[in-house]
Amino acid sequence: MKYPTALEDLIECFSHLPSVGKKTAERYALYCLTHMDEADIVDFSNALIGITKDIHICTSCGNLAEGDLCDICKDSSRNHKQVLVVENVKDLFTIEKINSYRGVYHVLNGAISFSKGISINDLNIEPLIDRVKNKEIDEIILATNATLEGETTARYLKELLNTYPINITRIAHGLPVGGDLSYADEMTVLKAFEGRREY
Ligand SMILES: [Zn+2]
């Protein structure tokens, strides 16, 4: 016995979310049907449509943006000569939450992974090199995760950027080996950031 098609479709949509199995997807879909009124559902649908319509990728750093540039790249009070390189947008938000970093970012959209088949060409690396070539940059802070993939990526970037007259530093101190930046608490991230060293 199957649910009506519309409900099956919604279950299917929820089941695509990370960590959501078929049973949880079924529970979410039934919850929408029985506990949400029409206005809630319209708000929910509009929020989903909004992320495809209104959110872009910042042309400079790869962060989420509502126009060409993200709020951080547009902010002239930030230090545009200091660029912190993160694997993903979630890591950027983790660092922003500690409210202590005043430079700008570069989002790689992942890390080099031989097992997952992610190579340098899949990452947002070329625009980073362009930024280093064309803009006055003093320091690149490599804040990729303390995992095999994150370390491999940091090492690769270090080699790539070594030819330019910039300081390359790496946050590592305080972050556990195998640690994912976005799961570390704010104090650990702050310590990791303050304890960055020449790389
Ligand atoms: Zn940006």
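Predicted model: local features only at pLDDT ≥ 70, side-chain atom pairs only at ≥ 80, totals over all residues.
Confidence comes up before any geometry. The protein chain has a mean pLDDT of 90, with 91% of its residues at 70 or more.

On to the metal. Four cysteines hold the zinc ion through their SG atoms, namely C58, C61, C70 and C73, at 2.3 Å. The angles among the 4 donor atoms run from 105 to 117 degrees, and the site is tetrahedral. For reference, the ideal angle for four tetrahedral donors is 109.5 degrees. Along the sequence, the donor residues follow the spacing C-x2-C-x8-C-x2-C. C58 belongs to the loop between β1 (56-57) and β2 (64-65), whereas C73 is part of helix α4 (residues 71-74), so this pair ties together parts that lie 15 residues apart in sequence. C58 and C73 are both buried.

Helix α4 also contains I72. With a relative accessible area of 10%, I72 falls under the 20% cut-off and therefore counts as buried. What does I72 touch, leaving aside its neighbours within four places in sequence? Its contacts are N63, R78, H80, L92, E96, G103, V104 and Y105. Take G103 as one of these partners: I72 and G103 are 31 residues apart in sequence, yet their C-alpha atoms are 8.6 Å apart in space.

How values were computed:
Residues numbered from 1 in each chain as written. Heavy atoms only, no water. Donors = N, O, S within 2.8 Å, 3.2 Å for Na, K, Ca; no water. Tetrahedral: all angles 85-135°; square planar, octahedral: opposite > 155°, others 65-115°. Helix = DSSP H or I, 4+ residues; strand = E, 2+ residues; numbered from the N terminus. Buried < 20%, exposed > 50% of the residue type's maximum accessible area, 1.4 Å probe, protein only. pLDDT = per-residue confidence, 0-100. Contact = heavy atoms within 4.5 Å.
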